[in-house]
Each structure stands twice: as structure tokens, then as C-alpha cells.
Amino acid sequence: MFQDLERYKSLDFFARQIVEGFITGLHRSPFHGFSVEFAEHRQYTTGESTRNIDWKLYGRTNKLFVKRFEEETNLRCQLVIDHSSSMLFPLEQHGNMQQPNKITFACQAAAVLSELLVRQRDAFGLSLLSDGIDLQTECRSSRTHQQYLLQLLEQELRQPLPSKGNDKVAMRTTHIADALHLTAEKLHRRSLIVIFTDALISANEHDPLMDALRHLRHCKHEVILFHTLHHSHEIDFNYANRPTEFIDLESGQRLKVQPAEVAEKYRERMVAQTAEIKQQAIRYRIDYQQIDTSLGFEQVLLPYLLKRSKHQ
């Protein structure tokens with residue numbers, strides 16, 4: 001199970017290799033330009049950029065003024081991982097660095113982002129969510145703090161799996177909306193919140209999830225939502241057409257079906273649900289990125305960081 005983790009020796013080694021080989025070449029950080037505060041107005045000078053003109057003030061005064069901003073010296077970033085049992089899917093890919101399951105991908109991403117942030121001397125912390133907040137660290141910018149977070153992430157990858165007759169392992173359910181509300185209440189300083197979750201929720205949980213994301217935005221946080229799914233199985237429902245037993249990793253409920261008989265309706269519901277989450281996220285100015293873990297880490301997250309850095 002952990003052959004790839006052992007080959008890379010640790011998430012620390014993995015993160016450093018990724019950053020050295022790819023992210024270091026970025027001309028701009030994908031996160032710079034986030035943490036700014038309004039300072040004052042000054043009169044517009046003919047010929048300069050109109051980008052920061054306060055048009056609302058112009059409407060009231062019929063005069064052109066430019067907004068001036070002061071950049072805060074350091075970014076604060078909270079890396080938030082949904083580690084409910086559904087994030088262990090597919091179980092056979094747990095700990096596989098080349099073909100990660102959802103939780104492995106989230107831990108990889110958090111490790112790489114922590115490496116990027118520590119090199120920028122920015123402060124970062126880690127939160128693990130399920131029914132509530134299972135773990136939340138302070139935001140710090142030191143290498144010592146990063147090593148502590150990497151140890152926590154490696155422990156997550158070495159957790160025993162709730163399967164194959166292992167009845168002693170409890171399945172973790174999730175109420176992601178409640179956990180995010182708690183996160184918003186606990187983070188008292190404006191931060192960048194990076195969330196990794198599969199958001200596999202029932203229809204009646206959709207509005208509470210959106211309310212929780214709005215709560216984070218209301219508290220002045222910038223939010224990046226990585227909607228983390230295994231597309232082949234969880235979106236496309238790509239299974240062999242033979243009687244198959246599906247097991248809910250959070251409740252343990254089992255259901256035997258012929259995949260071809262339910263595939264069309266399943267796909268319709270999943271496409272509609274993911275589209276709704278994306279639409280609402282954009283509406284509330286949340287940076288939404290759907291992740292297909294079956295593509296692997298370098299095919300998904302690194303191109304996103306490149307794209308983001310070019311638009312800062």
C-alpha cells in the first residue's frame with residue numbers, strides 16, 4: 001500500500017522535489033496579491049491606469065479618485081482537508097503517490113503548498129474536518145512548524161483502512177457544512193482558506209454547504225475550493241456491467257446493483273450537483289477548481305498554480 005510513499009521517503013521529500021522541479025520557476029507566487037487592505041483615496045492623474053478608479057465615488061462626486069492599497073507583509077493560509085471516510089476512495093490507491101486516492105491527493109497538495117508557503121515566509125496551518133474540527137493547528141511560518149504538519153499528513157496516510165474485515169476501524173462520517181462554520185468562527189484573522197473535499201452530500205445538505213462557504217467569505221477570507229473526486233468512478237460511473245456491490249464508506253451501507261441500470265440517472269445527478277456547487281462558488285467569489293484524482297497530482301494541481309500565478 002505504501003510502496004510509493006516509501007519510495008519518496010516522505011511527503012517532505014515529495015514536496016521539495018515538486019517545488020524544486022516546477023513551482024520555483026514561477027515568476028510570481030500564485031498567492032501574492034491576495035492580502036491587501038484599502039488605505040486611502042487620491043485624485044486620479046490623467047494618463048495613468050484606470051484599474052483602481054473608485055467608480056462609486058465618481059458617481060457621488062463626479063470626480064475621479066483612485067483607491068490606494070497597502071499590502072500586508074505576510075499571507076496567512078489555512079489548509080483544510082475533509083478526512084471523512086469517503087475521501088479514502090479508491091481504497092486500493094491509498095498512499096499511492098502516482099495514482100492517488102482523494103485523501104492522498106489532498107495530503108500531497110497540502111505538503112506542496114506548505115513548501116511553497118514556507119519559502120515565501122508566509123504563515124500556514126492545517127485543519128482536518130469530518131463531523132467537526134478533528135484537528136486545527138496554529139498558523140506559523142517556520143520550517144519546524146512545516147515538519148510538524150508533514151508528520152500529521154503522513155500519519156493520515158498511514159491510518160488503517162475501514163475495510164477487509166477490519167471491524168475495529170471506525171468509519172468517519174462528515175457534516176462538512178458544520179465543520180466549515182466552526183472553522184470560520186475559529187479563524188480570527190483574515191486568511192486564505194484552501195479546502196479539499198469531495199462534497200459528497202445529499203440534496204438537503206447543499207444549502208448548508210453554501211451557507212458555510214458564504215460564512216467564510218463574510219469573514220473576509222479568500223476561499224479556494226478544490227472539489228476532489230475520482231472522475232472515472234464517481235462522475236462517469238465507469239464500472240464493468242456485472243452485478244456489483246457498492247459500500248458507503250461513511251455509513252457502511254451496502255447496495256447490489258447492475259451498473260448499467262443506474263448509470264444514466266447517477267451521471268445526471270452527479271453532473272447537476274457538481275455544476276450547482278461550481279455555480280454557487282463563482283457567485284460568492286470563491287475560486288473553484290474541480291480535481292480529477294485519476295489524472296494524478298502533476299496533471300491537475302500544478303497547471304492550476306501556473307494559471308493562478310499568471311492572473312495575479
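Strand 7 (residues 222-229) and strand 10 are paired in the parallel sense, with six bridges between them. The model described here is predicted.

Helix 4 (residues 102-119) packs on the sheet, where it touches strand 3 (76-82), strand 4, strand 6 (192-197), strand 7 and strand 10. The direction of helix 4 makes about 170° with that of strand 3. Helix 9 (residues 259-283) lies across strand 7 and strand 10, and runs at about 155° to strand 10.

The open sheet is formed by six strands in the order 5-4-3-6-7-10, with mixed pairing. Strand 5 (133-136) and strand 10 (287-292) are the edge strands, each of them pairing on one side only. On average, neighbouring strands of this sheet are turned by 15° against each other, direction ignored.

## Packing of helix 6 and helix 7

Helix 6 (residues 176-186) packs with helix 7 (residues 206-218) at an angle of about 15°, and their axes are 8 Å apart. Because angles under 35 degrees count as roughly parallel, helix 6 is roughly parallel to helix 7. The crossing of the two helices is left-handed.

On the side of helix 6, the contact is made by I176, A177, L180, H181, A184 and E185. Helix 7 contributes P208, L209, D211, A212, L213, H215 and L216. The residues of this contact comprise nine nonpolar, two polar and two charged.

## The hairpin of strand 8 and strand 9

Strand 8 (residues 244-247) and strand 9 (residues 254-257) run antiparallel and are joined by four bridges. Within this pairing, I247 stands opposite R254 of strand 9. The two strands form a hairpin with six residues between them. In the turn, G252 has a positive phi of about 85°.

## Confidence of the model

The protein chain has an average pLDDT of 86, and 88% of the residues score at least 70. Among its elements, strand 4 (residues 123-129) has the highest mean pLDDT, at 97, whereas helix 1 (residues 3-7) has the lowest, at 47.

Over residues 1-8 the pLDDT is below 50. Where pLDDT is low, predicted coordinates should not be read in detail.

Key
Residues are numbered from 1 along each chain as its sequence is written. This is a predicted model: local features need pLDDT of at least 70, side-chain atom pairs count only at pLDDT 80 or more; totals for chains, interfaces and linings use all residues. Side-chain values use heavy atoms; hydrogens and water are left out. pLDDT is the predictor's confidence in each residue, from 0 to 100. Contact means heavy atoms within 4.5 Å. Two strands pair if DSSP finds at least two bridges between them. Axes are lines fitted to C-alpha atoms, for helices over the stretch in contact, and angles run from 0 to 180 degrees between N-to-C directions. Angles under 35 degrees count as roughly parallel, over 145 as roughly antiparallel, 65 to 115 as roughly perpendicular and the rest as oblique. A crossing is left-handed if the near helix is turned anticlockwise from the far one by less than a right angle, and right-handed if clockwise. Ala, Val, Leu, Ile, Met, Phe, Trp, Tyr, Cys and Pro count as nonpolar, Asp, Glu, Lys and Arg as charged, and the others, Gly among them, as polar.
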